Amino acid sequence: MIKLTIIFLSIAVISASSGFGQVPSLDDWDVHDLDRPQPPIVSPRGHLTSSPPSDAIILFDGTNLEEWTHTNGAPATWVLTDGYMEVAPGSGTLQSKRSFGDVQLHIEWATPNSGTGQDSGNSGVYLMSTYEVQILNSYSNQTYPDGQAASLYGQYPPLVNASLPPLEWQSYDIIFRRPHFNDDGSLKRPAIVTVLHNGILVQDNIVLTGPTDHRSRPPYRLHDDKLPILLQDHNEPTRFRNIWVRDLENSSTTDG
């Protein structure tokens, strides 16, 4: 027993010194804190993929908006052109007609070359209509770190800033594990998110504190096991293409 204890303590010391397995803490930072350290900049290379895997569900292939509606159920009215769809500012957020829980999501996007701060290409990908991975022009455009591109909005900045300039196509690959709730509505297991931005790991198995929100960090609230994916209309003509998901809901890590 003494030997095992020494081994486990040694592993703990190594892990702590290397940073492996550490989960970032929100204790020291207010939501949207401008004093929070900015993530270091990393330049991506060769991040786009053109062909989804054979088991993917295609949500947008550049030819039509049939997999999407506005959140009020009206037909999608975003601009469809040249193999991408573009936010029609003021038309309203889109939601997928299909609902999902655990997913692998691939999506490509490009911001307009206009505005500053949060008014530069602002949009977002909402898993289960609730948990946002922020979209923003974060190339030479500073804002609060938990609101820049690839942040888990209002909670965690990305590990690094892997942004490309406006008008260039960028990609997110997101692994999302949904929260689980007890029969009485209390939280049984929180949501966990991993994000690659332009092929670079920027969110590493992060445990969400609850829904993402502006200027607040609300607690978990009971919701359905599957909900639509949202693409946000934030009044700016952000573009999207090549959107597909793999449904992970029945994989072995989602038991209970």
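Of the 47 residues that make up the largest nonpolar core here, Trp68, Met85, Tyr172, Phe240 and Ile243 touch the most other members. Strand β6 (residues 103-110) gives this core its largest share, four residues. Keep in mind that this is a predicted model.

**The core and Ile243**
- As a bit of background, nonpolar side chains tend to be buried together in soluble globular proteins.
- Ile243 is one of the core residues that touch the most other members.
- Leaving out residues up to four places away in sequence, Ile243 touches Ile57, Ile58, Leu59 and Phe60, along with Trp68, Met85, Leu105, His106, Ile107 and Leu231.
- Two of the names on that contact list, Trp68 and Met85, also turn up among the core residues with the most contacts to other members.

**The cavity**
- You'll find one cavity of 30 Å³ or more in the structure, and the largest cavity holds about 30 Å³ of space.
- Its lining is made up of Leu127, Tyr131, Glu132, Val133, Leu152, Phe176, Val193 and Leu208.
- Strand β8 (residues 131-135) supplies three residues, the largest share of that lining.
- Sorted by class, the cavity lining comes out as seven nonpolar residues, no polar ones and one charged.

**The second largest pocket**
- About 240 Å³ of space sits in the second largest pocket.
- Its lining has 16 residues, and Ile41, Ser138, Tyr139, Ser140 and Asn161 are the ones nearest the pocket's centre.
- Here the split by class is five nonpolar, ten polar and one charged.

**Asp82, out in a loop**
- Look for Asp82 in the loop that runs between β3 (79-81) and β4 (84-86).
- Asp82 counts as exposed because its relative accessibility is 71%, and the cut-off for exposed is over 50%.
- Asp82 and Arg241 are 159 residues apart along the chain, with 9.9 Å between their C-alpha atoms.

**Thr194, tucked into a strand**
- Thr194 belongs to strand β12 (residues 192-197).
- With a relative accessibility of 15%, Thr194 counts as buried, because buried means under 20%.
- A polar atom of the Thr194 side chain lies 3.0 Å from the backbone nitrogen of Asn205.

Conventions
Residues numbered from 1 in each chain as written. Predicted model: local features only at pLDDT ≥ 70, side-chain atom pairs only at ≥ 80, totals over all residues. Heavy atoms only, no water. 1 Å grid on protein atoms, 1.4 Å probe; cavity = no way out; pocket = protein on both sides within 12 Å on 5 of 7 lines; lining within 4 Å. Points joined across faces, edges and corners; volume = space filled by probe spheres on them. Helix = DSSP H or I, 4+ residues; strand = E, 2+ residues; numbered from the N terminus. Nonpolar A, V, L, I, M, F, W, Y, C, P; charged D, E, K, R; others polar. Core = buried A, V, L, I, M, F, W, Y, C linked by side-chain atoms within 4.5 Å. Buried < 20%, exposed > 50% of the residue type's maximum accessible area, 1.4 Å probe, protein only. Contact = heavy atoms within 4.5 Å. Polar contact = N/O pair within 3.5 Å; in protein donor to acceptor, adjacent residues only side chain to side chain.
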